[in-house]
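Keep the structure open while reading.

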Amino acid sequence: MQMANEVLHRADAMGEQAMSAYRRLDALAAKDPCSKANRALLGEIAMEYNYLQAIGYVADDRILCSSAGRNGDGLSLGPTNYVSSTGTRIRTMVDVGIGTRFLILQKDHYAVAVHPQTLLDTLGGRPNVSLGIYGNSQHFLLASRGSHEPVWLTRPHDPSKPISFDGKYLVATATSAQFDLAVYAAIPRSQLESRLHAFILILLPIGLLLGGGMVALILVVARQRASLPAMLRTALKRNAFVLHFQPIVELASGRMVGVEALMRWPANKEVGERPALFIQAAEDCGLIGRFTDYLLRKVVLDARRFFDQHPDCYISLNLSPADLQSERVVKSLGELITTPGVAARNIVVEITEHSFLEPTSANRTIDRIRALGIRVAIDDFGTGYSSLSHLTHLKADYLKIDKVFVDAIGTGSVTSEVVLHIIEMAQSLNLTVIAEGVETPEQADFLRQHGVTYGQGWLYSKARPMVQILEQYGPS
C-alpha cells in the first residue's frame, strides 16, 4: 500500500504542475505562439516543474514548437487515447523522436510531456512489484510497469478495503481526490510464497540439522549461490572486478584532459562485457554501495600512476542514485582526495538523471561533494526523465551528451536537432559540455563547431586498462 500511495502522490504532483502550466500559458500571445519570445517562455515554464519534461504548442494534433525549439512542419502526436473527466486529452507512449516514449497531456492548444518512469520508479520499489496509473472514470491504463490485469482497473474502490487478493496477485489500489486518476500496486502470489519460504528457511536449518536433513539444506544453499546476487557478492570478495579507463579529450586539440573509470568483470564472459547488466543487478539487490566502495578502493591504485604522469588530468567516477541518498559516499570521497598524489581537482563524479527522483536529498549530497572541491558531471543527459528544472537547481560543472544524440548527427532525423538544443541549454547554464560516443571525425567537427569542449568515444580510444592508456598518452 505504501508504494501505491507513493505513486499516487507523484501522479497528483504531476497533475498539479500540468494544471499550473496550463493556467500560465493561457496568457501567452496567440498571434504567434511559436515566436522566439514565446518559445523562451515555454522553456522557462518547463524549467520550473520537475515532473514536466517539455511543454509544446499543439495544432491539428501536431506539436509545432516546444520548450526545445521549433519542429518544422510539426511533430505528429497521433490520436488521443483518452479524455479525462476534466477534459484533458491524454496520449500514451508517444515517441517524440529521441527514442523515448512519453505520456502527453493536452489542454486546449498546449501539451506537456511526462516520462512515465518518473511516476513509477520509486526508490523503495522492487522490480517484481507491478505498478500502474489509470484513468479512473473510464478505466484506461496510462502507464504501467510489470504485469497488468485489466480487472485491476475496474475493481470498485472501497477506502476501507484498499487491498485485495485475486488468487494470483495481492493488489493495493488508491484513488486521487484531485484528478481522474487511480493507481495500483500488485505483488504476485509466487513472490509472497517465496518470502514465506525464505522465512521458513531461517527456521528450517535448525530442524534439518537436528533431523539429519543436511542434503536439503545444501541444495538450498547451492541454489542461492548460483543466483546473480550471490555471484556478485563472491566476485567482490575475490576482487574479480577490474577497472578500465576511457580517455576524455579536448576536441580542439585532441589533448587528453581526463579518463572515465569503468568497471569490468573479465572472469564472467557471459555478463562481464555488459557492465550495465551487472551494475543494474547490483542496484536491484542492494549491493551498489559495496560496488562504489570497491571502485574507490581500486581507483587509488591506478590514480597514483596516472597523476604522476598527468597531474593536470582527472579521473571521472560514476555514482549511483543510491549513493546520493547516503552520507557514506561523501566521507569516502573525502578520504580519496587525501591520498598522496590525488587532489580534489583530479576527481570528477558523474551522476545520471535517474538520481533526481528524490532531488532534495540528492542535491544536498552533491553540494557537499562540490564543497570538497570535487567537480560534478550530469551523465547521459536526455535519455532519462528529469526536467530542465533539475539543472537550474543543481550546481553542476559538466553536462554529458548521451551517445544516442551524437549518433544522430548528420542523419537529418529529429533526434539530430536535439543535440543543438542540449548544447544551447548547457551553455546558457554555464555548464561545460562533454559528448559521449564520438566515433567519426565528422561528429567531432560538428560538435567542436557548435561549442562542445570535450569528447570521448572510440574515435579516440575504447575503455582499456590504465597501463595501455599510459602507453597511448605519454607523460604530459
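## The β1-β2 loop

D61 counts as partly exposed, because its relative accessibility is 30%. This is a predicted model. D61 lies in the loop between β1 and β2. Its phi is positive, about 60 degrees, although D61 is not a glycine.

D60 is found in the loop between β1 (54-59) and β2 (62-66). Phi of D60 is also positive, near 55 degrees, and D60 is a residue other than glycine. D60 counts as exposed because its relative accessibility is 74%.

## Overall make-up

The protein has 476 residues, and 51% of them count as buried. Its secondary structure comes to 17 helices and 20 strands. Take the contacts between residues at least 6 apart in sequence: 61% of them join residues at least 24 apart.

M47 is found in helix α2 (residues 36-47). With a relative accessible area of 22%, M47 is partly exposed; the cut-off for buried is under 20%. M47 and S67 are 20 residues apart along the chain, and their C-alpha atoms are separated by 9.1 Å.

## The barrel

Eight strands form a closed barrel, in the order β13-β14-β15-β16-β17-β18-β19-β20. The pairing is mixed. Strands of a sheet pair through backbone hydrogen bonds, either parallel or antiparallel.

Start with strand β13 (residues 242-250). It is mostly covered, with 8 of its 9 residues buried. β13 pairs with strand β14 (residues 256-264) in the antiparallel sense, over 8 bridges.

Strand β15 (residues 314-318) runs parallel to strand β16 (residues 347-352), and 4 bridges join them. N318 stands opposite E350 in β16. β16 is mostly covered too: 5 of its 6 residues are buried.

## Nonpolar cores

In soluble globular proteins, nonpolar side chains tend to be buried together. The largest nonpolar core here has 75 residues. Which residues have the most contacts inside it? They are F241, F291, I315, L317 and L333. Helix α10 (residues 288-309) gives the largest share of this core, 10 residues.

Leaving aside neighbours within four places in sequence, L333 is in contact with L296, L317, L319, V349, I369, L372 and I374. A second, separate core has 41 residues, including A4, A13, A21 and I55.

## Aromatic rings

The count of aromatic pairs comes to 13. Ring pairs link F241, W265, F278, F291 and Y294 into a cluster. Two of these names, F241 and F291, are also among the residues with the most contacts inside the largest core.

W458 has a charge over its ring. The charged end of K462 sits there, 4.5 Å from the ring centre.

Which residues of helix α16 (residues 441-449) are buried? Q443, A444 and L447 are. They lie on the same side of α16, because they cover an arc of only 100 degrees around the axis. An α-helix has 3.6 residues a turn, so residues three or four places apart point the same way. On the other side of α16, E442 and Q449 are exposed. G451 follows α16, with a positive phi near 95 degrees.

Helix α7 (residues 228-237) has A230, L232, A235 and L236 as its buried residues. N239 follows α7, and its phi is positive, near 55 degrees.

Definitions and conventions:
Residues are numbered from 1 along each chain as its sequence is written. This is a predicted model: local features need pLDDT of at least 70, side-chain atom pairs count only at pLDDT 80 or more; totals for chains, interfaces and linings use all residues. Side-chain values use heavy atoms; hydrogens and water are left out. Two strands pair if DSSP finds at least two bridges between them. Helices (H or I, at least four residues) and strands (E, at least two) are DSSP runs, numbered from the N terminus. Buried means under 20% relative accessible area, exposed over 50%, partly exposed in between (1.4 Å probe, protein chains only). The arc is that of the directions from the helix axis to the C-beta atoms. A nonpolar core is a set of buried Ala, Val, Leu, Ile, Met, Phe, Trp, Tyr and Cys residues joined through side-chain atoms within 4.5 Å. Contact means heavy atoms within 4.5 Å. Rings of Phe, Tyr and Trp (its six-membered ring) pair if their centres lie within 6.5 Å; planes under 30 degrees apart count as stacked, over 60 as edge-to-face and the rest as tilted. A charge sits over a ring if NZ of Lys or CZ of Arg is within 6 Å of the ring centre and within 35 degrees of the ring normal.
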